[in-house]
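Please open the structure in your viewer and keep the selection panel at hand, as this tour moves from one selection to the next.

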Amino acid sequence: MADRKKKFLQGNEACVEGALYAGCKFFAGYPITPSTEVAEGLSVRLPKIGGKFIQMEDEIGGIAAAIGGSLAGLKSMTATSGPGFSLKQECLGYACLAEIPLVIVNVMRGGPSTGYPTGPSQSDIMQAKWGTHGDHPAISVTPAYVQEILTETVRAFNLAERFRTPVVVLYDEIVGHMREPITIPAPGDLEIIDRMRPDCKPEDYLPYDDKYEVAPLAPFGAGYRFHVTGLNHKQDGFPTNDSKQIGANNERIMAKIENHKEEIWKNDELMLDDAEVAVFTIGSTARSARFAVLEARKAGIKAGLIRPLTIWPFPDKAVRELAKRVKAIIVPELNLGQMILEVERVSGATCEVVGVNRVDGEPITPMQILDAIKKYK
Amino acid sequence: MSVPAEKKEKVSVPFDYNKYLRPNKLPHIWCPGCGHGIVLKAMLRAIDKTGFDKNDICVISGIGCSSRTPGYVDFNTMHTLHGRALSFATGVKFANPKLKVIVVTGDGDALAIGGNHFIHTCRRNIDLTVLVFTNATYGMTGGQYSPTTPMGSQATTSRYGSIEPPFDACEMAKASGASFVARGTAYHTLELEKTIHEAIMHKGTSVVDIIDACPTYFGRANKFKSATHMMEVIEKDNTVNVKQADKLPPEKLEGKFLRGVLHKIEKPEYCEQYESIVMEKAKAK
Ligand SMILES: Cc1ncc(C[n+]2csc(CCOP(=O)(O)OP(=O)(O)O)c2C)c(N)n1
Ligand code: SF4
């Protein structure tokens, strides 16, 4: 029988396990609460397996080095929180345009600014999509349980490698620091995806070959001498001023995600089939929501829960369909209203959309959500 | 016509720049008279002398006129973000220490926005060669003052003369821990080629501060007659080779920059330290 260890781990420690399971061999970052345990864990574990760990001088250096590590052929990751995530944004855009696979963990804390370093928050949801300048593709996964941090970190690496793009693992401080019993999957339990490598002759290699949706990526030093730039570029990777090529490439990097949303989306649903009021939320807030929905059912209210594990690209199809059959969608979030903007956009006027918000550094309680549900009795 | 055998050997083969250039990416963006092209030439000749395989060489830059260099050279090349070249390069080198990584950066790129990465790269003594193209201005954005602009100089953002004291990249590199620190100029091309070669062959962080000229902005704003005039005043008359410096009286050295290898020591290199200490201890534990 396969060896599946049971462990009692903190969310951030589960992230380390997920990264290693996925084949991460390179980490560069800068300490910041509440994500630091990810770096600490990898600083111990990576050198044991021949992997590289480096603490850089700041978060910008952290993500830049991780992009360099990825281009040299290693599955790479960086981890941070709030202020550090802000600092990483320029490099995140670089990875989007240069199409370098990368995983960025952002354990959300209270903001703005230094805010409430040890307090939970979900206020980087929009930053994960819109934080870097310019139009760009965005993938973010949003685990809510310690076990899920492990599996979603693996999925983040898979998506990054599959689509040659940075992927953000987004969870709040509560889930990051919570301890739960989890099972470490055995080799083979979870699918592992590695980036496609070229098999053509070096002289025929185009790092942005548009005959592919996602072109193969050669590691530096493997005989394919190519150019990488953050300037708009042609299929050969060299900068261009040609508006046709600039437009085509910008649209292609969006389309490679947009055309595969079905593959990237992942929702967890609870009693939605006959629901008249639905709760839409992520992370620790979804844990409260689950409790609230079960309580509401006990009180005879037809409530249900939709919990996206992929927040970007936004699960518009699921929300649109849901909006057609419920009276209201309640959107609890630890911010002053970010996801709700997307829910409103997608549902139009087909149902009521109600926010439940909190930014005082305390979690949203099941009772708060239950109160909102009860209005639709 | 037949050439006697012993003479034949002395016939020098012209340097084949095309071996290292990407000819179809030319012409380059640099202005006539810009020093960056001369530095590129010295860099290619120095690389050739190392005998390294092109597939093992990475040239990584930030943003600026100087940082356009990687696009023109046939190696593994990366044009990154303003100020961040050293961090990207650290990632590449650390992930695959077999690669020879050369960073090409401007004085603004390396010492202003990238100053912190510069200091910490030197401190780690990771095996990178850093070529700083010091033209005392921000060429790419149109001639604003940079961290090496001499006090009193004109720039598009110092119309009343710069009041900021400039950095000395070599002093900073040495103080930060780089194990090889040198200076060259675009005027002294053969010397520069030798210095860059020595820098690449050195194990550890090797920094070469290369004084070159931006005639378009710094030159015009400060009333230099021509690009060659700039080279004579700034690169030739204002520098002294470190080997001659000992023989000169102090007053002759005042305000002048020393050229040549200024600091060279043996010191543990970062990637080797990681392998021999961190990895070994981690595996034993
Ligand atoms: C984050 C960021 N800030 C500012 C710029 C604008 N910028 C581009 S190049 C440059 C200065 C370049 O000067 P230097 O590094 O000295 O190189 P040179 O052009 O003189 O060779 C600046 C400020 C930028 N590209 N990115
Ligand atoms: S602006 Fe100055 S630094 Fe830039 S290419 Fe022209 S001369 Fe060179």
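Two strands are said to pair if DSSP finds at least two bridges between them, and helices (H or I, at least four residues) and strands (E, at least two) are DSSP runs, numbered from the N terminus. This is a predicted model, in which local features need pLDDT of at least 70 and side-chain atom pairs count only at pLDDT 80 or more, while totals for chains, interfaces and linings use all residues. Residues are numbered from 1 along each chain as its sequence is written, chains are lettered from A and ligands numbered from 1 in the order in which they are written, and side-chain values use heavy atoms, leaving out hydrogens and water.

Begin by selecting strand β15 (residues 328-333) of chain A, which pairs with β16(A) in the parallel sense over six bridges; one bridge to look for joins Val331(A) to Gly355(A) in β16(A). Now widen the selection to the open, mixed sheet of five strands, ordered β11-β13-β12-β15-β16 in chain A. Because β11 (267-270) and β16 (352-357) of chain A are the edge strands, each with a single partner strand, one side of each has no neighbour in the sheet.
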